[in-house]
Amino acid sequence: MNKKALHTLEYDKIIEKLAAFAVSPMAKERARELQPAMVMSDIALWQQETTEATNMILRKGTPSFGGFREIRPQLKRASMAGVLSISELMEVGEFLYVCRKMKNYGKHENKAEAYERMDEYFELLAPIPALENEINRCILSETEISDDASAELRNIRKEIKISNEKVRDHLNGVISSSAYRNMLQDFVITIRNDRYCVPVKSEYRNTFPGMIHDQSNTGSTLFMEPLSVIQLNNKIKELQAKEKDEIRKILVELSRLVTENTMVLEANLELLTQMDFIFAKAGLSVSMGGTRPLFNTKGYVHIEKARHPLLDAKAVVPINIYLGKEFTTLLITGPNTGGKTVALKTLGLFTLMGQAGLHIPAFDHSQLAIFDNVFADIGDEQSIEQSLSTFSSHMTNIVKIMDEVTDDSLVLFDELGAGTDPTEGAALALAIIQALKERKIRTAVTTHYSELKVYALSTQGVENACCEFDVQTLRPTYRLLIGIPGKSNAFAISKRLGLQEYILDSAKEFISQDEARFEDVITDLEISKKSVAFEQERAEQYRKEAENLKLEVELQKEKTKEQKEKILQKAREEAKLIYAQAKEEADSIIKEMNRQAKEKGNQQKLLENRSKLKEKLSSVQEDFLKSKKIKPSHKVPENLQTGNRVYVISFDQNGVVISPPDKNKEVMVQMGSMKAKIPLAELMLDDSAPKENKQKQSAPRSKVSKSQFISAEIDCRGQLVDEALANIDKYIDDAYLSGLKQIVIIHGKGTGALRTAVQSFLKTNSHVKSQRPGVYGEGEAGVTVVELK
């Protein structure tokens, strides 16, 4: 890639920002060496890595590479059987800690989370917990080895501590002794040359029994080691020598462990360096609000809402740039400081960043083309050292560009042909643009020449563009308008700044009528462009408002539907509650009938009660049918036979057909202990889909109110067989209606007569799915556990 263009387009500044996001020196170096690629597969791979790392940062936060340092010198020394120092081993331990942290960072929180490229790096990363733990166990700091590093070291340091205490105790006796009180300069214990001493007045050098190790600056104080502690100090020196030897043994052993794992450590170092570099790219993307661009090999560029990454993100005005599809050459005109050069640099810099695997601060899915080179002639190229004028410097650069450019290059010219006679400069600019256009080389040019504006209007494959300027405020808007040429606005700006009117009128006389008309056409085009853009914005606004209104209507319809369903559901629940209450009343009547049946002479009352029960059930059924105003659409069963299982819509119950439909199309159905004639239209086959939906949606709610009062067990101990069976029959009906799946019947052990009668009765009950005796903890043989259908 052209080095001059990299500097001109400020690619090097982006690279420095990238390096700042890297932690390790190795990753910073890799960032500074990053160059744009020209192979689609490489670019796609780099972009994928940046995108995945960015997603991980947004999901999990920025990974910590703290403690990641260069350890290649340590690994090299260890591989040569060298002994690593305490600080070097500590750096290896910190590196292993980073490996472990990054391995944990790469673990997925759920199965749906996956990163194709980054997962490979995390999978290859191999922490070495044994080595990390051993280093952490033995080393406390960069200068200190732990007592627990070895048993021998612990014993040696224990002996040193004891010896030190003995010396200090002995010296405390010396300085507190009345025999030496006048000889001591001060009553303190000091250390000189790693030996314990006391300060003695110089005049007592021959009187005080001991060895001189040092003296004060004035010579008035001597630091002497009493003869009585020389042996103890010698022992301490010997122990300190043993301590150093033991520490060296520990360092040798740790260095050996590092040597054994050198290959794994080197592989981890390369992986972490690459991951640090990739997450630096992701960090840069997050900081500038970057997105992944799409690439093509057709030379088509379409960038939406582009923001130059080196400008203040809060102040920069996004621009739209497109090139290479309908036209290959873009001519940008307009006043100075209007943003022309920024637009040119944005186009070139985004191309370089995208091909380097970096995200660009633009709208998602912006398109970039892959160019084999980017050439740029931007800025003041005047060279005092080479005695070259601005024009000569520009032309020298342009000559080199024209020699090196290929059909797959991107060329950017700022103020092409400026710095010389306008007529000749315009002619040169036209010739250069024409040569590039004929080769279909993607070219963007900024200019003030009107000749180039006319050329763009009349030439296929060349398009005008301008940077919008507000004459009223004398400020550029920095918006790039593609499709119309721009005006220099020199007269308008001069007038706003206060230039005398007669001078402006005189200047206008020097402009030909054709040039004046051309400027007017430009003005009209600019006004029309603004109007179209305004109308487009209004149309888009209306479209969004219409979509919002449509969404609100849909939400309102859905809300109304939900309210309707709630009302219907409430009505059904109330109807079911009425039915449940009627069932309780019917059960009470049946119980009374059973009691009266045992008594003689009550046959007439029994018949009256049965008639009353029949009338009550018929009334409840009619009320229930009336309460169910909306029936689910279903297919009426055909050819019903005795024994078919059906679902009764009006009662929300399952039942069994006792007799086929009669001439009135009514079917006798057994529902638990109750029999009723049901219209054929109110029946559904038990295995039909609507039944399942009904059961899923309605059954739980219909049983809520009842289930609040039904216990999961019934106690029949002390009751006669007939009385107990009647109570159990009613209880099973209630439990089934309330939705209980398992109940417990407590009948006691006793003689076993009641247990046998209960279990025989359960075999004939249509609501019972299975039964079993109780186990230990449930009551064993004294209870029967029943599972309901």
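**Close-up views of aromatic rings**

**View 1. K60 sits over Y105.** K60 lies over the face of Y105. The distance to the ring centre is 5.4 Å. The model shown here and in the other views is predicted. Y105 is itself buried, with a relative accessible area of 13%.

**View 2. Y105 pairs with F122.** The ring centres of Y105 and F122 are 6.2 Å apart. Y105 belongs to helix α6 (residues 86-105). F122 belongs to helix α7 (residues 116-124). The pair therefore ties together parts that are 17 residues apart in sequence. F122 is buried, at 4% relative accessibility.

**View 3. F65 pairs with F68.** A pair of aromatic rings is described by the distance of the centres and the angle of the planes. The structure has 7 aromatic pairs. In one of them, the rings of F65 and F68 have centres 6.4 Å apart. Their planes are at 35 degrees, so this pair is tilted. F65 and F68 are both buried.

**View 4. Ring pairs build a cluster.** Which residues do ring pairs link into a cluster? They are F65, F68, F95, Y105, F122 and F279. Y105 from this cluster also has K60 over its face.

**View 5. K325 sits over Y300.** The ring of Y300 has the charged end of K325 over it. That charged end is 4.9 Å from the centre of the Y300 ring.

Notes:
Residues are numbered from 1 along each chain as its sequence is written. This is a predicted model: local features need pLDDT of at least 70, side-chain atom pairs count only at pLDDT 80 or more; totals for chains, interfaces and linings use all residues. Side-chain values use heavy atoms; hydrogens and water are left out. Rings of Phe, Tyr and Trp (its six-membered ring) pair if their centres lie within 6.5 Å; planes under 30 degrees apart count as stacked, over 60 as edge-to-face and the rest as tilted. Buried means under 20% relative accessible area, exposed over 50%, partly exposed in between (1.4 Å probe, protein chains only). Helices (H or I, at least four residues) and strands (E, at least two) are DSSP runs, numbered from the N terminus. A charge sits over a ring if NZ of Lys or CZ of Arg is within 6 Å of the ring centre and within 35 degrees of the ring normal.
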